[in-house]
Amino acid sequence: MSVTEREVIWKGEVEWQETVKDRPREQKIAHTVSCTMSSNTENGGAEVVPDNWPKKLIMQLIPKSLVQTLGGQYFMNSKSVLLHPSSSESMETLTNLLSNGFAGCVHFPGAGDVKVLILLYSTGKEAYLGFIPTDQESFVDRLRKVIQQQKKDQGQRQPERPQRQVGDSKEQVFIENGREVRKIQVRMTSGEICWVECV
């Protein structure tokens, strides 16, 4: 059996924030890792073809248990890619997080075809697996509802506490394709501001 051929379809950086709770005050530490993304080839071309993908992607860490409640149909009806991060301290942090109960919800700001990708880490294969659901709009809506329900459940289990405004993270409402979309500002390590859709 021949090894499945893969084609590099994207090269850039993935940025995310790690919440550190074992300090006097909760802090967010920004991480950036350089990486490439590859896709299976079919009929002489890549199965996944980027459409205006940005050079910097924003990743939001979510509990892996939430991914399991989204519904298997989204992952059965999806295209897969592999992420190949360069060796660094941030890569080790990412591997540790994805190996211990977290998944990555990767946002594609400004992309024409893909809004989010779910990133999982396979310890057996030592591979970073990315799933791009075909029905992006339905998946994003479902993901948002699941996360909101989790936040609501957490609020019922513990006393409410004042939420601190972090940086420029104030939500605003945009109208896209006739529907309201909530977005939040994320300050990248370069200093530039990027709007990311809330989920």
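**Exercise 1. Determine how many salt bridges a search of the whole structure finds, and describe the one made by E15 and K56.**

Solution. The search of the whole structure gives four salt bridges, a salt bridge being a side-chain nitrogen of Lys or Arg within 4 Å of a carboxyl oxygen of Asp or Glu. The structure is a predicted model, in which local features need pLDDT of at least 70, side-chain atom pairs count only at pLDDT 80 or more, and totals for chains, interfaces and linings use all residues. Residues are numbered from 1 along each chain as its sequence is written, and side-chain values use heavy atoms, with hydrogens and water left out.

Step 1: take the pair. The side chains of E15 and K56 form a salt bridge at 3.6 Å, N to O.

Step 2: E15 belongs to strand β1 (residues 6-20) and K56 to strand β4 (residues 56-63); the two are 41 residues apart, and the pair links distant parts of the chain. Helices (H or I, at least four residues) and strands (E, at least two) are DSSP runs, numbered from the N terminus.

Step 3: check burial. E15 and K56 are both buried. Buried means under 20% relative accessible area, exposed over 50%, and partly exposed in between, with a 1.4 Å probe and protein chains only.

**Exercise 2. Find which residues form salt bridges with D141, and state where the partners lie.**

Solution. Step 1: R144 pairs with D141, with 3.9 Å between the closest N and O atoms. Both residues lie in helix α4 (residues 136-157), three residues apart, about one turn of the helix.

Step 1: compare accessibility. R144 has a relative accessible area of 11%, so it is buried. D141 is at 33% and therefore counts as partly exposed.

Step 2: K145 also forms a salt bridge with D141, the closest N and O atoms lying 3.3 Å apart. K145 and D141 are about one helical turn apart because four residues separate them in helix α4.

Step 3: look for shared partners. Salt bridges that share partners join E13, E15 and K56 into one network.
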